[in-house]
Amino acid sequence: MKILYLIRTHQKPDQIYRLVRTIRKANPSSIIVLSHSAESAPLDLSPLSDLPGHPIQCLYASVRRCDMSLVNAYLDAVEWIYSQNIEFDWLVNLSGQCYPTQPLQNLENLLNETEYDGFMEHFELFSGGAPWPLEQCKDRYLYHYWKTGMHLSHWQLTAIKPLIAAVNRIQNFIRLHWFNNELILGRHVSTPFNSKFIGYGGSYFHMLSADCVKFLLHFLRSAQGRRLIDFYEDTLIPDESIFQTVLVNNGSFKFYGQNIHYISWSKPNDGRPGIVSSEHLPKLARDDIFFARKFDVEKDPEILSALDERIFAAQG
């Protein structure tokens with residue numbers, strides 16, 4: 001069983017090193033590929049040079065929040081992996097602020113025995129039964145957005161929020177939103193979704209069998225896939241929809257539909273996960289949770305040590 005960990009990183013190198021060391025110690029046969037932010041300082045891999053097993057690899061990609069760049073970085077990394085003839089049975093995608101929550105031997109046992117082709121949260125976007133509000137699903141994936149160049153201060157944004165909400169509420173042709181304090185404008189567009197090609201959403205974090213990964217790359221590099229990428233290019237947060245849409249519509253794969261990552265949405269209106277701290281430890285003890293995010297050792301240095309005790313308990 002070869003598990004490939006594709007880890008998206010951009011800051012806190014010491015925390016990245018700790019994550020990599022933990023994975024390799026807990027799963028010595030693991031393959032680890034880092035996809036590091038090209039906008040960050042280069043990541044020095046020399047502190048990891050003593051690790052046994054497959055050499056740690058580091059690729060670089062420019063990634064921005066909420067746009068297609070995260071999907072492109074993922075696909076480019078997978079394409080590079082295949083170009084290097086790196087063989088794997090399962091791909092687990094993580095961020096540099098993720099961490100295991102239990103022995104990785106348990107994960108390996110699960111993947112060896114499972115009937116599923118992937119562990120990936122997924123739900124229909126527009127059925128009304130999604131965990132996301134229906135209007136949020138529509139705003140994300142029924143509109144194409146562009147930046148207005150109009151940057152707003154905190155007080156300006158607070159002042160016009162009621163106006164933005166009113167504009168969005170009374171019509172469906174355009175949408176006004178803001179990102180990083182910049183006003184963005186969206187226009188309603190036709191979509192590729194229909195009864196035979198349903199739009200799905202879910203978490204970016206997943207575990208996929210090699211067959212799923214191969215199909216995903218092949219499809220998105222095809223002419224049909226490029227058209228789908230063109231559609232998602234100007235939507236909001238395409239990385240939380242395009243993988244699910246491609247894979248679930250294939251129809252031949254079987255997915256476990258719940259997220260096996262624990263993510264603390266302590267600030268649901270902020271759009272970013274909260275920091276997982278020691279107070280969350282009881283929630284991380286569940287047998288169906290294998291990873292959690294996001295951690296910050298500068299804010300809570302003890303929690304990773306507590307998790308290490310569980311991760312390595314069987315190894316002594």
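1. A salt bridge here is a side-chain nitrogen of Lys or Arg within 4 Å of a carboxyl oxygen of Asp or Glu. With that in hand, have a look at Glu135, Lys138, Asp139 and Arg175, which are linked in a network of such bridges. Please keep in mind that this is a predicted model.

2. How many salt bridges does the structure hold? The count is 14.

3. Lysine 12 pairs with glutamate 298, and their closest N and O atoms lie 3.4 Å apart. The partners come from distant parts of the chain, 286 residues apart: lysine 12 sits in the loop between strand E1 (3-9) and helix H1 (13-26), while glutamate 298 belongs to the loop between strand E15 (291-293) and helix H10 (303-311). Are these two residues buried or exposed? Lysine 12 has a relative accessible area of 19% and counts as buried, because the cut-off for that class is under 20%. Glutamate 298, at 64%, is exposed.

4. Next comes the salt bridge between the side chains of glutamate 79 and arginine 221, at 3.2 Å from N to O. This pair also links distant parts of the chain: glutamate 79 is in helix H2, and arginine 221 is in the loop between helix H6 (210-220) and H7, 142 residues apart. Glutamate 79 is partly exposed, with 35% relative accessible area, and arginine 221 is partly exposed too, with 28%.

5. Aspartate 287 lies in the loop between helix H9 (281-284) and E15, and arginine 310 lies in helix H10, 23 residues apart. Aspartate 287 is exposed at 60% relative accessibility, whereas arginine 310 is partly exposed at 26%.

6. Now for the interior. In soluble globular proteins, nonpolar side chains tend to be buried together. The largest nonpolar core in this model has 98 residues, and Tyr5, Tyr74 and Ile242 touch the most other members. Helix H2 (residues 69-83) supplies the largest share of this core, 8 residues. Leaving aside residues up to four places away in sequence, tyrosine 74 touches Leu6, Leu91, Asn93, Tyr204, His206, Leu208, Leu216 and Phe243.

7. Valine 33, in strand E2 (residues 31-37), is buried at 0% relative accessibility. Which residues does valine 33 touch, not counting those up to four places away in sequence? They are Tyr5, Leu6, Ile7, Gln57, Leu59, Trp80 and Ile81. Glutamine 57 is 24 residues from valine 33 in sequence, and the two C-alpha atoms are 4.8 Å apart in space.

8. Finally, a helix pair. Two packed helices are described by the angle between their axes and the distance between the axes. For helix H7 (residues 223-232) and helix H8 (residues 242-250), the axes come within 11 Å and cross at roughly 145°. The crossing of H7 past H8 is right-handed. Leu228, Ile229 and Tyr232 in H7 meet Ile242, Thr245 and Val246 in H8. Sorted by class, this contact has 5 nonpolar residues, 1 polar residue and no charged ones.

Technical notes. Residues are numbered from 1 along each chain as its sequence is written. This is a predicted model: local features need pLDDT of at least 70, side-chain atom pairs count only at pLDDT 80 or more; totals for chains, interfaces and linings use all residues. Side-chain values use heavy atoms; hydrogens and water are left out. A nonpolar core is a set of buried Ala, Val, Leu, Ile, Met, Phe, Trp, Tyr and Cys residues joined through side-chain atoms within 4.5 Å. Buried means under 20% relative accessible area, exposed over 50%, partly exposed in between (1.4 Å probe, protein chains only). Helices (H or I, at least four residues) and strands (E, at least two) are DSSP runs, numbered from the N terminus. Contact means heavy atoms within 4.5 Å. Axes are lines fitted to C-alpha atoms, for helices over the stretch in contact, and angles run from 0 to 180 degrees between N-to-C directions. A crossing is left-handed if the near helix is turned anticlockwise from the far one by less than a right angle, and right-handed if clockwise. Ala, Val, Leu, Ile, Met, Phe, Trp, Tyr, Cys and Pro count as nonpolar, Asp, Glu, Lys and Arg as charged, and the others, Gly among them, as polar.
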